[in-house]
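Work through the exercises below with the sequence and the structure at hand. Each task is followed by a solution in steps.

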Amino acid sequence: RLASWQRELREQFPIVAAHPELAYLDSASTAQKPRAVLDAVQEYLVTRNANAGRGTYPWANATTAALERVRERVGAFLGDPAPDRSSVHFVSGTTEGLRAVALDWLAPQLADGDEILVPFADHEANLVPWREAAERLARAGVEIVVRGLPYQEGSGDYDHRALPGLVGPRTRFVAATHVHHVLGGDMNVHRLREAVGPDVPICLDAAQSVGHVPVDLGRLDVDFLVFSGHKALALPGTGAVWARQSRGPAFRPGGWSGTPNTVGLVSLGVALDWLAAADVGRIERWTTALAARLTDRLRRLPQYEVLGCQLSLAADATAQPRRGIVSFRHRGLGSDDLGFVLHSHGFLVRADSLCRAGARADDARDGAVRVSLHVHNTPEEIDGLLAVLDTLD
Ligand code: PMP
C-alpha cells in the first residue's frame, strides 16, 4: 500500500517522470516541484497576475487576498491555529529570515556581557548573521559573547550533556537547527528547551524540516521558526519567519516593503496544500526508511565513512533519528571525484563542502557526498547508487 501511494506521488513530479535515467538525490539543496505547483504558477500568471497590497481592480484584490490566505496556510501548516501579520512574515528564504531575526530583532536588545548560543557546525546561514550582529555591536562598543552549541556527531543531536555548562544567567538567545543539512540528525528541541530554561528565546532554522518532517509549533517551544519555500516544493525566493512574540519585543523586520514575490507565494500556498494532502508524516517515514537502507548498506562497505548519527537508536536512547539525508566519504577518493563518478551514472548528488560552517573549501577532508531524499525517490534508486559505490574500492 505504501508503495502504491508513493508511486502515485512520484508520478506527480514532471521533471522526475521526464528523466527515468536520472535519480535526483539533492532535495536538501532544492526540492523538485509537483505538477500542482507548476500548474498553479501558470494559472496565476496567465489569468490574474497583479501586484499585492495596492491597486483596487479585481486581479489586484485577488492577489492581496491570495497572499493573506498563504499567510494563514503557512501558520496552519506549522501548527499555529491563529496566524496573523505579526506572526507570519514572508521573506526570500531562510538566509534572509535568519538575518532579519539577528539584525532587526536580536541585536538591538543585547547589552555588554550578554551571551548567545549559536551552532558552529550547522549551515553557514545560521552562523554568519549572529556573528554579524556581534560584530556590529562590537563596533558600537558592546561586547557580547558568542558561544558554540556543541554537536555530538555520535548521537546526531546537540550535546545535551554539555549544554548546562554553557547556559548561564547572561544567556539571552539560542539559535539552533531542526534537521541538520549534512548529518540528517533530527534535533531534540524539547531537550534544548529544557537545558536553556523557559525564558531564553530560541530561533529554529527549519530549512530542512518544513516539507520533509512534520513540524508542530504547538509542541515546539521556540520563538522563531524560519524556512525556505523552495525546499518545501515551492518556487525559490519565498519563505517565512514565524514569530511567537511572547519572549521579548515584537518582531518588526525592516527592509522589504516593496513588491512581494506574488507568484512565488502563490506557489508556496499550493505546495503546502500538496504536502498536507500527501501527508508529511508519511513522507518522513518513506525518506527516513530510504536513508536507513543506504546507511546500513554503506556501513558494510569498508571504503566508506558515513558522517554523523553513528549510534543506532537501539544502542542509545538519547540518539536522534536520522532523516532523509545521508553524507559520506570514500576513504581514498576525493568527494568531488566521487561526485563526478556518481553524476556520470545518473545519480544527482551534492559533492562539496556542503555550506557547513567551519568547513574549509580548500581541505578535501571537509568535503562529502550528500544524498538527500524526497517522496519521489525509490529503493531502486538507492540500490542502484549502492551498486556504483560498491564498484569503487
Ligand atoms: N539552513 C539550512 C539548514 C539549510 O540547509 C539551508 C539551505 N541549504 C539554509 C539554511 C539556507 O537556505 P536558503 O539558501 O534557502 O536561504
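**Exercise 1.** State what share of the residues in the protein chain is buried, and check the overall size against the globule rule.

Solution. The model is predicted. In the protein chain, 46% of the 393 residues are buried, where buried means that 20 or more other C-beta atoms lie within 10 Å of the residue's own. Next, take the radius of gyration: a compact globule with 393 residues would have a value near 21 Å, and the chain has 21 Å, so the two agree. Along the principal axes, the C-alpha atoms fill a box of roughly 60 × 55 × 40 Å.

**Exercise 2.** Find the domains of the protein chain and describe the side of domain 1 that touches domain 2.

Solution. The assignment gives domain 1 (2-33 + 279-391) and domain 2 (43-277). Their centres, taken over C-alpha atoms, are 25 Å apart. Domain 1 puts 33 residues into the contact and domain 2 puts in 31 residues. On the domain 1 side, the elements giving two or more residues are helix H9 (280-299), strand E12 (325-330) and strand E15 (368-372). H9 gives the most, with six residues. Sorted by class, this side has 16 nonpolar, 10 polar and seven charged residues.

**Exercise 3.** Which residues of the largest nonpolar core touch the most other members?

Solution. This core has 104 residues, and those touching the most other members are Val101, Leu204, Phe224 and Ala271. Helix H8 (residues 262-278) supplies the largest share, eight residues. Both domain 1 and domain 2 contribute at least three residues each. Now look at Phe224: leaving out residues up to four places away in sequence, Phe224 touches Val101, Cys203, Leu204, Val241, Trp242 and Ala243.

Terms used. Residues are numbered from 1 along each chain as its sequence is written. This is a predicted model: local features need pLDDT of at least 70, side-chain atom pairs count only at pLDDT 80 or more; totals for chains, interfaces and linings use all residues. A nonpolar core is a set of buried Ala, Val, Leu, Ile, Met, Phe, Trp, Tyr and Cys residues joined through C-beta atoms within 7 Å. A residue is buried if 20 or more other C-beta atoms lie within 10 Å of its own, exposed if 12 or fewer, and partly exposed in between; C-beta atoms are placed from the backbone. Helices (H or I, at least four residues) and strands (E, at least two) are DSSP runs, numbered from the N terminus. Domain bounds come from an automatic or database domain assignment. Two residues are in contact if their C-beta atoms, placed from the backbone, lie within 7 Å. The radius of gyration is taken over C-alpha atoms; the globule rule is 2.2 Å times the number of residues to the power 0.38. Ala, Val, Leu, Ile, Met, Phe, Trp, Tyr, Cys and Pro count as nonpolar, Asp, Glu, Lys and Arg as charged, and the others, Gly among them, as polar.
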